[in-house]
Structures are given as C-alpha cells and as structure tokens.
Amino acid sequence: MTVQPKTVSHETLLAEEMARDPAFREEWERTALARLVAVQLIKYRAANKLSQRALAERLGKKQPYVARLEAGDTNPDFETLVNISRALGIEFVIDIAPAAKTPRLVPQEVAAEHATKRRSGVSVVVAAAG
Amino acid sequence: MDAPFIVLYDADAVRELESLKGRQERTALFTVIGKLRMLGPGLLPPHVKSLKGEPGLLELRPRQGSSAVRAICRRIANVYVILTFSIKADKADFDGAVAAARERSPRYDWLTLR
C-alpha cells in the first residue's frame, strides 16, 4: 500500500496565515481586486501568446505598466479598469454593500462565490469575465 | 472563487516557510501561489520558470523575480505540490532547495497513478 506524504492545502495554509496575522488578513482582503486583475491579464496573455511588452502595446502603455498590474499587490484605479475592459474585452464587477443586506445588483451566486470582505460590516464582491 | 487547480504543500516545505518572517514577502509568496492555483500552466514568465536540468520542476517567482524568495513545485495533472522554498538571495540556498525538491519529488509519484 502506498503511504501518502503529509500535505497542507493552499486554502488551509492561507486561512492559518490570516488567523495568525490580522494585518496580513486586512491587506489580503484589501487587495483582492489587484489579484483578480493580475490573474485576468496573465490569462489574457496566455490565451493570446503575448509577452508583457506586447500586452502593454495593446493597452497603449509600456511594459512596466503591465508588470505592475500583474504583480497583483496594488489595487488598480477606475480608469485602469476602464482601459483594460476597452482594450481587452474583459468585464469587471465591483459590488460594495452592507454585509447584512443581500446584494441587489449582482446575482446571488456571483456574490456568494466572489465576496472578499465581510468582517468590517461590508461585503465587497469583485469578479471578472474575459 | 473556485480554482481549477489544486495546490498542496509538502509538510517539510510548510516547516521551511516558518523561517520566512516579513509580512510583505509572505504576501508576495501567497500571491504568486494563488495565481498558480487559478491559472495552472497558464501562469507565464516572469511569474514562473522551468528549472533547467530538473524535468518536471518549476520555480515560482514572487514579485516576478524581484523577491529573493522562490517556491519549487511539481505538477501532476491538475495538482501542484510545493516541495520546498528558497528563502535567501543566495545561490547555495537556492541550490539546496533544488536538491531538496529533487529528493522530495518522488513522494508524489503516487499521484500519477490516480
């Protein structure tokens, strides 16, 4: 019989990190949009076989602009999201609502799957579709 | 959000991670591993690199390589196993991590039989 090695899942380790370090949790939740945008841009690059420089050209920017966004550590501003959507055809949804209320502007299944912050009394939903 | 890929950490790698103290570095590491979880083989350079001369092993590069930290992992179908970490900006530390990854990798051969 094969003895399976002991492992920990990413979800478990991340949850432990958040429980151990509230400042980490705060920062992680705060930058959910940054990570979402980073994933969308890398996914777009992979689908279109683009380098960061080639993607930057499509966005009318230089390579460091894409590198900053793909880092996923700083939330992009509204104009940046508009630029990405216009140039790449990616749709973004950001819904901010009191946590006690059921969101009315996004489907409940989207809210349930993408909610990132409920602890401070506010539910923040960030989602994207390529 | 449900991720299409599974990321597991070898228990020895989890122990090694305890020596990584800075919150910013830990955040950058979890960020790049989160990207792997979402994108799998769609995660592109400079976030990831194949390890030269080490077939099947990948180097994850937090902050697109500007962090000194590296995670070394192996892919088996839709599962990625983080085998070890290199924490210091030091070739000896990285080489030691690669050796550890090479040694630990066969622990997961059973996943190929699923």
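Reply: Helices (H or I, at least four residues) and strands (E, at least two) are themselves DSSP runs, numbered from the N terminus. This is a predicted model, where local features need pLDDT of at least 70 and side-chain atom pairs count only at pLDDT 80 or more, while totals for chains, interfaces and linings use all residues. Residues are numbered from 1 along each chain as its sequence is written, with chains lettered from A and ligands numbered from 1 in the order in which they are written.

Me: What makes S1(A) and S1(B) a pair?

Reply: Strand S1 (residues 7–9) of chain A is joined to S1(B) by 3 bridges. At least two are required, so the pair qualifies. The two strands run antiparallel, and Ser9(A) sits opposite Leu8(B).

Me: And what makes S1(B) a partner of S5(B)?

Reply: Here there are 4 bridges, linking S1(B) to strand S5 (residues 79–86) of chain B, and these two run parallel. Val7(B) faces Tyr80(B) in S5(B).

Me: Why are S1 of chain A and S2 of chain B called edge strands?

Reply: Look at the open sheet of 6 strands, ordered S1(A)-S1(B)-S5(B)-S4(B)-S3(B)-S2(B), with mixed pairing. S1 of chain A and strand S2 (48–50) of chain B each pair on one side only. On average, neighbouring strands are turned by 35° against each other, ignoring direction.

Me: How do H1(A) and H2(B) run, roughly parallel or roughly antiparallel?

Reply: The axes of helix H1 (residues 10–20) of chain A and helix H2 (residues 23–39) of chain B cross at roughly 155° and come within 11 Å. That makes the two helices roughly antiparallel. Under 35 degrees would count as roughly parallel, over 145 as roughly antiparallel, 65 to 115 as roughly perpendicular, and the rest as oblique. These axes are lines fitted to C-alpha atoms, for helices over the stretch in contact, with angles from 0 to 180 degrees between N-to-C directions.

Me: Is their crossing left-handed or right-handed?

Reply: It's left-handed: the near helix is turned anticlockwise from the far one by less than a right angle (clockwise would be right-handed). H1(A) brings His10(A), Leu14(A) and Glu17(A) to the contact, and H2(B) brings Arg26(B), Phe30(B), Ile33(B) and Arg37(B).

Me: How do you know which residues are in contact?

Reply: Their C-beta atoms, placed from the backbone, must lie within 7 Å. By that rule, 29 residues of chain B are in contact with 30 residues of chain A. H2(B) supplies the largest share of chain B's side, 12 residues.

Me: What makes a residue on that side nonpolar, polar or charged?

Reply: Ala, Val, Leu, Ile, Met, Phe, Trp, Tyr, Cys and Pro are nonpolar, Asp, Glu, Lys and Arg are charged, and the others, Gly among them, are polar. Chain B's side divides into 15 nonpolar, 6 polar and 8 charged.

Methods
Two residues are in contact if their C-beta atoms, placed from the backbone, lie within 7 Å.
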